[in-house]
Amino acid sequence: MIQATTARTVLVTGASRGIGRAIALGLAQRGFDVVANDIERQSAHLDGLVSEIEGLGRRAFALHADVSDKAQVTAMAAAAIERAGAIDAVVNNAGILITSPVETLDDGIWDAVMDVNAKGTFLVIQALLPHMRARGYGRIVNIASIGGKQGAPEQAHYSASKAAVMGFTRVLAQEVGALGITANCVCPGIILTDMGRTNLEDPAVKAKWTANTAMRRIGAPEDVVGPVAFFASDESAFVTGQTLNVDGGIVFD
Ligand SMILES: NC(=O)c1ccc[n+]([C@@H]2O[C@H](COP(=O)([O-])OP(=O)(O)OC[C@H]3O[C@@H](n4cnc5c(N)ncnc54)[C@H](O)[C@@H]3O)[C@@H](O)[C@H]2O)c1
């Protein structure tokens with residue numbers, strides 16, 4: 001199992017449930033201390049996660065912030081650095097999916113999805129970059145989606161937001177590589193979470209996704225952890241600007 005080496009403290013956004021929670025717990029099991037973020041209304045779940053991580057013998061801190069709000073993100077980054085001492089890695093996992101066909105897509109929903117998925121990723125990174133630059137070290141892992149490559153009907157705006165994350169990451173990697181900072185994307189496939197159920201409510205659709213997946217199963221949040229741990233650790237020290245599909249074999253590129 002990949003263990004934390006130089007990188008020891010990770011900030012995970014959207015950590016109270018689903019993939020984010022699995023990443024926070026999985027990285028704690030691999031030796032990381034964890035700053036766990038989510039929006040305020042998830043505070044009970046976030047507190048439970050903190051207790052679980054502390055039970056593993058790691059330090060954990062809960063910080064509430066809406067990643068699409070610049071003032072909240074700035075305050076969160078400062079509090080994370082102050083309380084944890086340093087942030088070595090960040091996993092931009094917070095995301096939302098609201099489905100709608102393009103023809104009737106409300107522009108407010110377009111904005112909401114872009115604000116959390118794309119702008120939120122940018123804001124968190126921008127807030128942490130001075131700290132990473134000063135330390136000459138950083139591991140940035142952005143959770144995009146195979147939806148940003150292939151996508152599915154009624155998810156054009158979600159697809160656009162995740163494609164934005166991938167493009168952003170490729171250029172970011174070029175800007176920060178000389179500073180000792182890497183930036184990579186993980187693209188989950190169909191993963192059984194509250195969000196994933198959006199794709200899986202109809203049994204026929206679930207059967208179709210299962211049949212179209214080389215490994216013939218729907219993913220679990222824990223399936224995403226190992227690849228994230230790789231990008232968050234020094235095992236990936238010479239890998240940057242990449243996107244890795246973690247989908248059991250749906251998209252092959
Ligand atoms: N589940 C899938 O099939 C799947 C597939 C590909 C990519 N993803 C991506 O993985 C990530 C996690 O998805 P999930 O399936 O665990 O979803 P989820 O809905 O179960 O969890 C998302 C978490 O993000 C938090 N969040 C939402 N808006 C936020 C904000 N503005 N600020 C801070 N936190 C916020 C939520 O409160 C929640 O805890 C997302 O970026 C999603 O787009 C998921």
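## Largest cavity

Helix α4 (residues 107–135) gives the largest share of the lining of the largest cavity, 4 residues. Helices (H or I, at least four residues) and strands (E, at least two) are DSSP runs, numbered from the N terminus. The model is predicted: local features need pLDDT of at least 70 and side-chain atom pairs count only at pLDDT 80 or more, while totals for chains, interfaces and linings use all residues. Residues are numbered from 1 along each chain as its sequence is written, and side-chain values use heavy atoms, with hydrogens and water left out.

The lining of this cavity consists of T13, V67, N92, N93, A94, V116, G120, T121 and V124. By class it has 4 nonpolar, 5 polar and no charged residues; Ala, Val, Leu, Ile, Met, Phe, Trp, Tyr, Cys and Pro count as nonpolar, Asp, Glu, Lys and Arg as charged, and the others, Gly among them, as polar. The space in the largest cavity is about 40 Å³, and the count is 1 cavity of 30 Å³ or more.

Cavities and pockets are found on a 1 Å grid over the protein atoms alone: a cavity is a set of points where a 1.4 Å probe fits but cannot get out, and a pocket is an open set with protein on both sides within 12 Å along at least five of seven lines; lining residues have an atom within 4 Å of a point. Points are joined across faces, edges and corners, and a volume is the space filled by probe spheres set on the points.

## Ligand site

The ligand takes up the space of the largest pocket; a molecule sits in a pocket if more than half of its atoms lie within 2 Å of its grid points. Around the ligand are 30 residues, the closest being R17, D38, N93, Y158 and T193, where a residue counts if one of its heavy atoms lies within 4 Å. This shell divides into 14 nonpolar, 11 polar and 5 charged residues. At least two shell residues come from each of α1 (18–29), β2 (33–38) and α5 (156–176).

D38 has a polar side-chain atom 2.6 Å from an oxygen atom of the ligand. For D66, a polar side-chain atom lies 2.8 Å from a ligand nitrogen atom, and for V67 a backbone N or O atom lies 3.0 Å from a ligand nitrogen atom. Of the 820 Å² of accessible area that the ligand has on its own, the protein covers 96% (Shrake-Rupley method, 1.4 Å probe).

The largest pocket holds about 840 Å³ of space. It is lined by 42 residues, with N93, G95, I96, L97 and M195 closest to its centre. The elements giving two or more residues to this lining are α1, β2 and α5, and α1 has the largest share, 3 residues. The lining divides into 18 nonpolar, 18 polar and 6 charged residues.

The second largest pocket has a volume of about 240 Å³. Among its 15 lining residues, A152, P153, Q155, N199 and V205 are closest to the centre. Its lining has 5 nonpolar, 6 polar and 4 charged residues.

Technical notes: Polar contact = N/O pair within 3.5 Å; in protein donor to acceptor, adjacent residues only side chain to side chain.
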